[in-house]
Amino acid sequence: MAKPEKENPYSHTVLLPETAFPMKAGLATREIEQIATWNKDKIFTKMRSRNEGKKEFRLHDGPPYANGNFHLGHALNKILKDLIVKSKSLSGFAVDMIPGWDCHGLPIEVQVLKSLGKDAKNTSPSELRTKCREYAAKFVNIQSKDLERFLCFFEKDRIYQTMSPEFEAKIVEVFGDLFQEGYIYKGKKPVYWSIDLATAHAEAEIEYYPHVSPSIYVKFPVQDMENTSCLIWTTTPWTLPANLAIAFNKDLDYSIFSNAEHGNLILADGLAEAVSNKTEIRLTKVKSISNDEISKMEFRHPFLDQKSIPVFGNHVTLEAGTGCVHTAPGHGTDDYRVGLEYGLEAYSPVDQYGKYTDEFPLMQGIKVFDANPKIVELLKERNALLHFSEFEHSYPHSWRSKKPLIFRATPQWFFSMDEKDLRKKALEAIDKVTWIPDWGITRIRSMVESRPDWCVSRQRNWGVPIPSFTCQACNASYITKDSIQFFTKLVKKEGIEVWYNKPANELLPPESKCLSCGSSDLQADKDILDVWFDSGVSNFVVYPSSYQSASNSGSNLPSAKNETPADLYLEGSDQHRGWFQSSLWPSMALRGVPPYRSVLTHGYILDEKGYAMSKSLGNGVDPTTDVIDVYGADVLRLWISSLDFRDDVKAGKEAIKNVSENYRKIRNTFRYLLGNIATHSKEIPLQEMHWIDQYYLAKLANLSEDVQKAYSNYQFHQVYHKVLNFCTVDLSQDYFEIIRDRMYCDGKESLSRNSSTTALSIILKSLASLLAPILSFTSEEVWKEAKLGESVFLEDFPNLAKFSNNSLLEKYNTVFQTKDDVQKALEEARKKGAIGKSLEATISLAKKTPSSQASILEIKPEDWELVLVVSQVTVTLSPEQGKDSTENARVPEFHMEGSEFLISVYKAEETECPRCWKHTTTKASSGLCHRCDEVVGK
């Protein structure tokens, strides 16, 4: 049995680290206690108040839907915003961000209807709205708790909800101002329509998925030209009943081609070969035809008793088809535009559920997608079908129902993109906004350039009603500046439900009459506003001082108070076509400026294999159960800070586990710092500090400058990597190892030890502050453990300019470069069994080539010993100078070439000091080295 090791009699004289700061963080439970303390002490309120009067920084929060727990994508978005709020505040800005929630619209209404099940049919619109409001309120509360658990700062009484009475009133007010300025109009034009949900869809509510459609070539007989047809191609046979024209392009060449079976066919010369290959029919050119000849033609519908006229438009190309485009103005954007030019009706014989109306009695009541094969059979019967196949392509689907959409012309309310040159002004303004990443400007410009007028009406129950009326005598719409202002005041006083609870005459100013026929029999309409309009005007609600409503000022001119309300918008990259635009248009129309100065986007969260996360695939990572409950929110925040979030990012449990290991390294760095400053005796002025401590304070100063710059540029991954490297390499691997001897063995009152503890105190406070935006709990824990004040969030980032000293860093560069080489030499000597601990070694350094760098000799041997953590070091400017020295006369245990020096490792001949383990040339009578003898003697 091995004998127990004899206790070192001097162990009680060594100053070991002392701290109650636990190695195991216990974040999952202890963070909750800290959240309660922050709330009780109103730390966020104090954080905002301390910077009042300073330069403002306003981050406007894009509202998530209040319809489920936050997922990992939400966590990314919300934590990034919190990093900005906290880092800007610690940078001295008066920062604010009011979290918001989108509470109206289809997502919530659909969920409520699902929960009602069979009872949905018996639920009145009023009851449904009440249940929707309750449902949204429930999830605002749930998501608020999620936000709080992410350690994000906000005040529970300072949030915005699009369903709050004041918000709903502002929505109506802004709509009224836009109407008054001429941007809002009602028209019948084709819009994306969900036949499953019976409502229009906005561009931002559309997703594209593969879809198989029929691909048919159809003959339209030419009136008064025997055996001659115009050949069209379409993938939507169901729109043929709505055909009113065939579109050509004046810049293309057209001809009549003959085929033995199908007669003469008109199509573009440039597509004749492609049509022949696709349909496998032989085409022989008969003659060319001019635009003038085409314009005088009239076509007969292949299965209806109606005509189709020739029209010309630039949307007709040679990319596909025949160059002759089937045109149904009620079922396509390009069709509608060219139809307007030729005075065609936006004809759509399809109802809200996608069924044919009595305008197409042959298939009345049949859904359009079910009608496709029936239309194909009908064409075959009429000998009008030239060719049939199936065609898979990307097709618009509802983001909510995931079902295919159709284009359908219905009377809707629109926001004009070109009124008063709005589109042109928006494009000019976009160029002045800072887009991060910079490709964002290209993306938003292309979308703004091509965007059709915004359909702002929806056919749902849950939302803000469009305050329009219909005359029961002549069916004309009624809406005026005065009627909107009257209703706005009513909503401010009694709430939005008055629209549904009061008769029309109480919703209108007295004596209101139809502008067309003079009738006073007006009925309130049922359309609501698109929820994108709700969230798009949120900046008018959150920053009311940035805009003076025309209805309040009595003037249509921009108020002197008009200003860009927010410094930053931060959302996912999909919002270039969503919230960034829905916020842009009202602000440009009413303020003349965008609602943001800068727009920052983040990518999507993908799984470890690069696939989108989904419940059906089971590849999701839940931010609460998979991360916070296991590792804590600080680890989640650290992981998010490690990402270059501007691109799509991969997330997996293994990646988060790796970050948790790095969190432990940072935490242990804090623990070492706290443990060693516990016995700190006195502050040492910078000029009196040892150079090694000044050296690491200079490195800290550079780190602080880099980190603060990275925060300013929203490059949080640089903060993560720079701080982690500083903690693990500069501190733990180097500095802490270098000063360990003096921390443990120097006297408590000594200048050397207090020089280092002074530096450690500065490093501790600086790191806690620099990491506070990311590791909010841990930094606060450190701050309080070190008794540095009420909260780290009531401070500024450190100003370390006085410690900056690049000349000092350059001076000792050679020492630290050599340290790496010496470490390798020591390791090799250790492998050979020549030495054990590094303190058993004596090092000889000789310049490999003659040098005049006398400055190297200015570095004292004890400084070399300190940095290299060995007992003795000798340095010579060349190998020749040291040949006759006693040290070099000995045979080295190991010899190698470093980058600067020839390195020789010798086993120390002197005896070891039993207290500090150094091998020194002289000893006191006690057997200790003189330094230890002096310390113990005191």
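**Cavities and cysteines in a predicted model**

Let me start with the largest cavity, which is lined by Gly105, Leu106, Thr199, Ala200, His201, Glu205, Arg458, Arg460, Ile528, Leu529, Asp530 and Val531. The elements that each give two or more residues to this lining are strand E6 (199-200) and strand E24 (528-529), strands being DSSP runs of E with at least two residues, numbered from the N terminus.

This is a predicted model, in which local features need pLDDT of at least 70 and side-chain atom pairs count only at pLDDT 80 or more, while totals for chains, interfaces and linings use all residues. Residues are numbered from 1 along each chain as its sequence is written, and side-chain values use heavy atoms, with hydrogens and water left out.

By cavity I mean a set of points, on a 1 Å grid over the protein atoms alone, where a 1.4 Å probe fits but cannot get out, and lining residues have an atom within 4 Å of a point. The structure holds five cavities of 30 Å³ or more, and the largest cavity contains about 70 Å³ of space, a volume being the space filled by probe spheres set on the points. Its lining comprises five nonpolar, three polar and four charged residues, with Gly counted as polar.

Turning to the cysteines, the disulfide count is zero, where a disulfide is a pair of cysteine sulfur atoms within 2.5 Å. Cys324 has its closest cysteine sulfur in Cys230, at 3.7 Å, which is too far for a bond, and for Cys916 the closest is in Cys913, at 3.7 Å, again too far. Cys324 is buried at 2% relative accessibility, as is Cys916 at 5%, buried meaning under 20% relative accessible area with a 1.4 Å probe, protein chains only.

Methods
Buried means under 20% relative accessible area, exposed over 50%, partly exposed in between (1.4 Å probe, protein chains only). On a 1 Å grid over the protein atoms alone, a cavity is a set of points where a 1.4 Å probe fits but cannot get out, and a pocket is an open set with protein on both sides within 12 Å along at least five of seven lines; lining residues have an atom within 4 Å of a point. Helices (H or I, at least four residues) and strands (E, at least two) are DSSP runs, numbered from the N terminus.
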